[in-house]
Amino acid sequence: MRERLPVWLQARCGVEPRTVAAVGVVLVAAVGFAAQQYWSGRPQPVTAPAVVAPVSAPTPSPGAGGNRIVVDVSGKVRDPGVRRLPAGSRVEDALAAAGGVRPGTDTGGLNRARVLVDGEQVLVGAPAPPLPGASGPAAGPLSLGSATVDQLDGLPGVGPVLAQHIVDFRTARGGFRSVEDLRQVNGIGERRFADLRKLVRP
């Protein structure tokens, strides 16, 4: 071992082979320590922390809690009565809750897709109510103070022209104080007034 070392190292050390071996071990250890320090001190890649999305509160379903409506299902259904349904229910849902429509019932005038509101009544099999302004016999005396031209036109012997005269008279005089004021409307004679007096009110 000693013979393989450089001459200057042999002359300088002047020691036994054990000393040379010890020095070699120290050098190897020093090199290993330096390599370990270099490796641990190298730049390390930094990984950004994962973004955690906030947990949103669950949306209550239409039937949860107090989100319910109360409707009265009556008429030609198998089990009429008051029903509690989830908010947003439709007429079809109310019919199903009442056991369905009785066989042979005409539901042509019933909008099954309509959204229900709290407190309403679903009447099945009843005649549809008349449209506003439709002509035909009134359920009671017609108010001269609020009737429209179309409603007045539905009275016997009153056409669209005379109905407009009645509205113009009402506008000019500020309303009707009594049914007798109808006599003063242009186009209403005694005979026509006699036909109308029981059908109208001030």
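Mentor: Take helix α5, which covers residues 160-173 in this predicted model. The helix has 14 residues. From its first C-alpha to its last, α5 reaches 20 Å. That is close to the 20 Å expected at 1.5 Å a residue.

Now look at what α5 hides. Its buried residues are L162, A163, I166, V167, F169 and R170. Look down the helix axis: these buried residues fall within an arc of 155 degrees, so they line one face of α5. What do they pack against? The buried residues of α5 pack against α4 (149-153) and α6 (190-196). Turn to the other side of α5. There P160, V161, T171 and A172 are exposed.

Next, pick out F169, one of the buried residues of α5. Its relative accessibility is 10%. Buried means under 20%, so F169 counts as buried. F176 has 9% relative accessibility, so F176 counts as buried too.

These two residues also meet through their rings. A pair of aromatic rings is described by the distance of the centres and the angle of the planes. The structure holds 1 aromatic pair. In that pair, the ring centres of F169 and F176 are 5.2 Å apart, and the planes lie at 40 degrees, so the pair is tilted. Planes under 30 degrees apart would count as stacked, and over 60 as edge-to-face.

Finally, follow the chain past the helix. G174 comes after α5. The phi of G174 is positive, near 75 degrees.

Notes:
Residues are numbered from 1 along each chain as its sequence is written. This is a predicted model: local features need pLDDT of at least 70, side-chain atom pairs count only at pLDDT 80 or more; totals for chains, interfaces and linings use all residues. Side-chain values use heavy atoms; hydrogens and water are left out. Rings of Phe, Tyr and Trp (its six-membered ring) pair if their centres lie within 6.5 Å; planes under 30 degrees apart count as stacked, over 60 as edge-to-face and the rest as tilted. Buried means under 20% relative accessible area, exposed over 50%, partly exposed in between (1.4 Å probe, protein chains only). Helices (H or I, at least four residues) and strands (E, at least two) are DSSP runs, numbered from the N terminus. The expected span of a helix is 1.5 Å times one less than its number of residues. The arc is that of the directions from the helix axis to the C-beta atoms. Contact means heavy atoms within 4.5 Å.
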